[in-house]
Amino acid sequence: MRKPSVLVVFLTVFIDLIGFGIVLPLLPIYTRNFGASGFLIGAILASYSLMQFLFAPAWGRLSDRIGRRPVLLVSTAGAAISYAVFAIGSGLSGNLALWVLLGSRMFAGICGANITVAQAYIADITPAADRSKRMGLIGMAFGLGFIFGPALGGLSIHLFGSQGPGWVAASFCAANFVLAFSILPESWKPSSEHVAGRPRLAQWLHTLSHPKIGLLIVVFFLATFCFTCFETTLGLLVGRNFHLDVHKDQDAKIIGYLFAYCGIIGALVQGGAIGRLVKRSGEPKLIAQSLILVGISMAPIPFIQGSHAVAWALLLLVLAVLSIGSSLTRPPVFGLISMLTPADKQGATIGVAQSAGSLARIVGPIFAGTLLYVHAWLPYLICSGISLLTAILVWQFLCRTAAPVVAVEMQKAAPM
């Protein structure tokens with residue numbers, strides 16, 4: 001029996017996110033080309049997060065009952081099927097194509113348990129003191145997937161036509177299934193005692209009733225909300241402030257380069273700096289500091305404009321600070337959540353947290369997109385304020401209290 005390995009689960013998430021990154025940037029283009037209304041485009045884009053919001057806790061609970069490996073395998077196989085359906089839909093036309101694309105994204109969201117269960121997997125095999133560092137590897141896999149995925153998506157269109165990205169993504173996920181089936185061992189052995197399942201709402205209320213875990217889930221929701229507002233409006237904002245035409249290939253590439261720049265910085269921070277920073281500051285202080293960085297970097301973004309070199313340099317500097325701040329939030333949040341959660345409830349609790357993040361990815365784009373056309377600075381200043389207020393909340397209720405470090409001690413102090 002192979003020993004559970006962080007590297008193997010990292011590869012599983014990374015390959016899965018490459019497939020996700022191949023398809024996601026193409027969705028607005030494909031749906032627009034098929035004659036979708038603005039509402040339908042938004043519905044197709046939001047359908048994945050909506051299904052994740054509904055199903056992530058259930059997958060997490062299931063992994064607590066039957067183990068992480070089978071749930072990861074089902075999720076990976078489901079992703080391969082969903083991208084194959086996406087490829088088929090990409091070769092159709094009109095309303096039929098739109099309905100097939102919508103169905104593919106909904107099915108992908110229903111089966112999308114990889115991130116939730118991968119984090120529970122890492123919690124199973126990692127000592128409490130190292131969990132935040134190891135959780136950073138999931139964020140690194142996420143960032144790298146979004147760097148390589150879009151590039152492979154563009155290449156697959158060039159080589160294989162409009163259906164190419166879907167089939168390439170399906171191939172990556174199928175290969176990922178074979179890899180996981182071959183070398184991914186089980187990390188969690190459920191006890192003979194049956195863990196009572198709870199309906200979705202009851203699971204949410206039960207998880208949120210734990211004061212610190214509930215606070216951390218709220219923090220993750222607000223941090224995800226702010227970053228989603230940024231990533232869904234940056235292209236439009238930069239296009240307007242720097243006089244770019246996103247319909248021109250060269251100008252569209254510049255926007256893509258900016259996102260890749262942010263992704264590379266985030267991946268480097270989560271893959272390398274998290275462990276040292278957690279040892280120096282501790283999880284609560286690092287969460288507060290990360291939110292402060294996000295708050296002070298979001299505020300100036302809408303006011304940076306012009307086509308001269310100084311403006312571009314200032315934008316790159318601010319985006320670097322924002323990328324560092326946002327990448328430092330998720331790992332310690334999930335590290336603390338896992339340390340505060342008993343071993344037999346890791347999947348269920350992390351599933352609720354991921355579900356909260358999915359909810360933020362649904363409401364964030366609607367909020368930011370609406371306010372952007374009122375005043376471009378509104379979503380950025382509001383999100384800046386939310387980040388700073390959340391940092392104060394963390395400082396008041398997490399940093400000032402002495403949190404136990406060892407998971408067993410936490411479990412005794414606050415059983416769920």
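At what angle do helix H12 (residues 283–298) and H14 pack? The angle is about 150 degrees, and the axes of the two helices are 9 Å apart. Angles over 145 degrees count as roughly antiparallel, so H12 and H14 are roughly antiparallel to each other. Before we go on, please keep in mind that this is a predicted model.

## Helices that pack together

Let us stay with H12 and H14 for a moment. Their crossing is left-handed. On the H12 side, the contact is made by Glu 283, Pro 284, Leu 286 and Ile 287, and on the H14 side by Pro 332, Val 333, Leu 336 and Met 339. Sorted by class, this contact has seven nonpolar residues, no polar ones and one charged one.

H14 (residues 330–339) also meets helix H7 (residues 131–160): their axes come within 8 Å and cross at roughly 125 degrees. That angle makes H7 oblique to H14. The crossing in which H7 passes H14 is right-handed. Here H7 brings Arg 131, Ser 132, Met 135 and Gly 136 to the contact, while H14 brings Pro 331, Pro 332, Phe 334, Gly 335, Ser 338 and Met 339. By class, you will find five nonpolar, four polar and one charged residues in the contact of H7 with H14. If you look back at the residue lists, Pro 332 and Met 339 of H14 take part in the contact with H7, and Pro 332 and Met 339 are also in the contact with H12.

Now turn to helix H10 (residues 211–241) and helix H16 (residues 378–399). These two pack at an angle of about 160 degrees, with axes 10 Å apart. That makes H10 roughly antiparallel to H16, and H10 passes H16 in a left-handed crossing. Among the residues that H10 gives to this contact are Leu 215, Leu 222, Phe 225, Cys 226 and Phe 230, and among those from H16 are Tyr 380, Cys 383, Ile 386, Leu 393 and Phe 397. By class, the contact of H10 with H16 has 17 nonpolar, three polar and one charged residues.

| Helix pair | Angle between axes | Distance between axes |
|---|---|---|
| H7 and H14 | roughly 125 degrees | within 8 Å |
| H12 and H14 | about 150 degrees | 9 Å |
| H10 and H16 | about 160 degrees | 10 Å |

## Cysteines

## A few residues up close

Gln 289, at 36% relative accessibility, counts as partly exposed.

What does Ala 288 touch, leaving out residues up to four places away in sequence? The answer is Ala 391, Val 394, Trp 395 and Cys 399. The C-alpha atoms of Ala 288 and Cys 399 are separated by 8.3 Å, although the two residues are 111 residues apart along the chain. For Gln 289 and Pro 342, 53 residues apart along the chain, the C-alpha separation is 27 Å.

Glu 231 lies in helix H10 and is partly exposed at 33% relative accessibility. The C-alpha atom of Glu 231 is 9.7 Å from that of Ala 368, which sits 137 residues away along the chain.

Finally, Phe 107 is found in helix H5 (residues 94–111). Phe 107 is partly exposed, with a relative accessible area of 33%. Not counting residues up to four places away in sequence, Phe 107 touches Gly 78, Ile 81 and Ser 82. From Phe 107 to Tyr 83, the C-alpha to C-alpha distance is 9.5 Å, with the two 24 residues apart in sequence.

Notes:
Residues numbered from 1 in each chain as written. Predicted model: local features only at pLDDT ≥ 70, side-chain atom pairs only at ≥ 80, totals over all residues. Heavy atoms only, no water. Axes fitted to C-alpha atoms, helices over the stretch in contact; angles between N-to-C directions. Helix = DSSP H or I, 4+ residues; strand = E, 2+ residues; numbered from the N terminus. Parallel < 35°, antiparallel > 145°, perpendicular 65-115°, else oblique. Left-handed = near helix turned anticlockwise from the far one by under 90°. Contact = heavy atoms within 4.5 Å. Nonpolar A, V, L, I, M, F, W, Y, C, P; charged D, E, K, R; others polar. Buried < 20%, exposed > 50% of the residue type's maximum accessible area, 1.4 Å probe, protein only.
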